[in-house]
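This report describes a structure in plain terms for a reader who is new to the subject. Please view the sequence and the model together before reading on.

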Amino acid sequence: MNEGIITAIRVVPLEHYVILSFLLFSIGIAGVVFRRNTIIILMCLELMFNSVNLLLTAFSAYHSDPRAQVFVFFIMLVAAAEVTVGLAIPGDDEAQRG
Amino acid sequence: MLAFFYLFAAISVISALIVVSARSPINSVIALVVCFLSIAGHYILLNAQFLAMVHIIVYTGAIMVLFLFVIMLLNLNKATEPMKTLGTRVAAVLAGGLFFLTLMAAIRHGINITPANEFDPGVGLVRSVGLSLFKEFLLPFEVSSVLFLSAMVGVVMLAKKEKVVVPKDGVEPSKA
């Protein structure tokens, strides 16, 4: 099983991962422009974060370099901190309005 | 293996489209959870097992549950969002599509990379990522704890401000 997983890195071309993360990032951008709800805009931001994380991980795996994966780890940390603050702001807004 | 990749890619793209287009915020959250799980599948395909676990725990387990809590506590689960005009919607699709086209044009000749290191099946496991994290990136790791502390203080400030504002509006304390 582990051997099969490891060979996947060589079977799937790197371009496929690049195109997939471009697609997810573009969907995220369209969502940020498209939606009006603050919480869904935050969710589209998360989608864009994740497409970048996927791209970094793909390049890290193809280069056999774990440092990019540490970078992805830090992006996850910062996204978690950002979401807590970002969700407090619309919550504050909604509580005052109604 | 290529079939697994296409399966996960299709799931993530379709659920991302549902996130953008769903009317109810709850449906968006559920679709985003599905999208994150399929991205965790991509991580496992890339042999990044540590990241796959952290991704499931942090994103699916913590962040998305936080989104669900906020939506349910604030009663935002009704599809009350005012629709944007047709022009704005067309502009949004155009913006996303043109951005995708630009990015695709940038890689139209393909990507030729020569791997920086020899292929190592241990990369992406907890051991290699942990060694890199605690040897090379120890200072950023410690600084990120300060970031979390400041985020916590900021959230407490935001939550406290609201309780000060409510009596000033003239609302009865019993009603508020």
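## Basis of the model

The structure is a predicted model, in which local features need pLDDT of at least 70, side-chain atom pairs count only at pLDDT 80 or more, and totals for chains, interfaces and linings use all residues. Residues are numbered from 1 along each chain as its sequence is written, while chains are lettered from A and ligands numbered from 1 in the order in which they are written.

## The two chains

Chain A has four helices and zero strands, and chain B has six helices and zero strands. Here helices (H or I, at least four residues) and strands (E, at least two) are DSSP runs, numbered from the N terminus.

Of the 98 residues of chain A, 52% count as buried; of the 176 residues of chain B, 23% do. A residue is buried if 20 or more other C-beta atoms lie within 10 Å of its own, exposed if 12 or fewer, and partly exposed in between, with C-beta atoms placed from the backbone.

## The interface

In total, 79 residues of chain B are in contact with 64 residues of chain A. Two residues are in contact if their C-beta atoms, placed from the backbone, lie within 7 Å. On the side of chain B that touches chain A, at least two residues come from each of helix 1 (2-21), helix 2 (25-45), helix 3 (49-73), helix 4 (86-106), helix 5 (126-135) and helix 6 (138-168) of chain B. Helix 6 of chain B gives the most, with 12 residues.

By class, this side of chain B has 58 nonpolar, 13 polar and eight charged residues. Ala, Val, Leu, Ile, Met, Phe, Trp, Tyr, Cys and Pro count as nonpolar, Asp, Glu, Lys and Arg as charged, and the others, Gly among them, as polar.

## Two helix pairs

Two packed helices are described by the angle between their axes and the distance between the axes. Axes are lines fitted to C-alpha atoms, for helices over the stretch in contact, and angles run from 0 to 180 degrees between N-to-C directions. Angles under 35 degrees count as roughly parallel, over 145 as roughly antiparallel, 65 to 115 as roughly perpendicular and the rest as oblique.

Helix 3 (residues 38-63) of chain A packs against helix 2 of chain B at an angle of about 5 degrees, with the axes 11 Å apart; the two helices are therefore roughly parallel. Residues making this contact include M43(A) and L47(A) from chain A, and L32(B) and F36(B) from chain B. Helix 2 of chain A and helix 4 of chain B pack at about 155 degrees, with their axes 8 Å apart, and are therefore roughly antiparallel. Their contact has 15 nonpolar, three polar and one charged residues.

## The nonpolar core

A nonpolar core is a set of buried Ala, Val, Leu, Ile, Met, Phe, Trp, Tyr and Cys residues joined through C-beta atoms within 7 Å. The largest such core has 65 residues, and those with the most contacts inside it are M43(A), L47(A), V19(B) and L32(B). Leaving aside neighbours within four places in sequence, L32(B) is in contact with M43(A), E46(A), L47(A), V19(B) and M64(B).

## A glycine in helix 6

G154(B) is found in helix 6 of chain B. This residue is partly exposed, with 15 other C-beta atoms within 10 Å. G154(B) and Q49(B) are 105 residues apart in sequence and 33 Å apart in space, C-alpha to C-alpha.
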